[in-house]
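Visitor: I'd like to learn how to read a fold from its coordinates. Can we walk through one together?

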Amino acid sequence: MRIIGYLDRPGMVVTVFKNDNKLSVKFEKNLLEQIYKIRDDMYLIDLNEIDSLFDDTFIADIEKIFD
């Protein structure tokens with residue numbers, strides 16, 4: 001597994017990992033973390049496309065879980 005980049009989200013550290021044919025996106029806040037796994041398809045070429053999967057509504061739901 002290797003780190004392919006970071007997503008800019010205020011108040012959280014968001015790390016994108018690649019492992020074979022899967023992407024893992026880890027959201028960290030304080031001592032908590034959530035990991036979402038995504039199948040690596042051809043249309044997910046760069047971090048901007050991966051970032052577009054996580055819209056404001058999805059991020060708000062992640063924040064609720066952290067709280």
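Visitor: Which exposed residues does the face of α2 turned away from its buried side carry?

Guide: That face holds T57, K64 and I65. Exposed means over 50% relative accessible area, buried under 20%, and partly exposed in between (1.4 Å probe, protein chains only). Helices (H or I, at least four residues) and strands (E, at least two) are DSSP runs, numbered from the N terminus. One caution: this is a predicted model, where local features need pLDDT of at least 70, side-chain atom pairs count only at pLDDT 80 or more, and totals for chains, interfaces and linings use all residues. Residues are numbered from 1 along each chain as its sequence is written, and side-chain values use heavy atoms, with hydrogens and water left out.

Visitor: And which residues of helix α2 are buried?

Guide: The general idea comes first. An α-helix has 3.6 residues a turn, so residues three or four places apart point the same way. Here, α2 spans residues 56-66, and its buried residues are I59, I62, E63 and F66. They sit on the same side of α2 because they cover an arc of only 100° around the axis, taking the directions from the helix axis to the C-beta atoms.

Visitor: What do the buried residues of α2 pack against?

Guide: Two strands, β3 (22-29) and β4 (32-39). Take F27: leaving aside neighbours within four places in sequence, its contacts (heavy atoms within 4.5 Å) include I59, I62 and F66, along with L32 and Y36.

Visitor: How many residues does the largest nonpolar core have?

Guide: In soluble globular proteins, nonpolar side chains tend to be buried together. A nonpolar core is a set of buried Ala, Val, Leu, Ile, Met, Phe, Trp, Tyr and Cys residues joined through side-chain atoms within 4.5 Å. The largest one here has 13, and M12, V25, F27 and F54 have the most contacts inside it. β2 (13-19), β3 and α2 each supply at least two of its residues.

Visitor: Is K26 buried or exposed?

Guide: K26 is in strand β3, and it counts as buried because its relative accessible area is 17%. Beyond four places in sequence, its contacts include V13, F17, E33 and I35.
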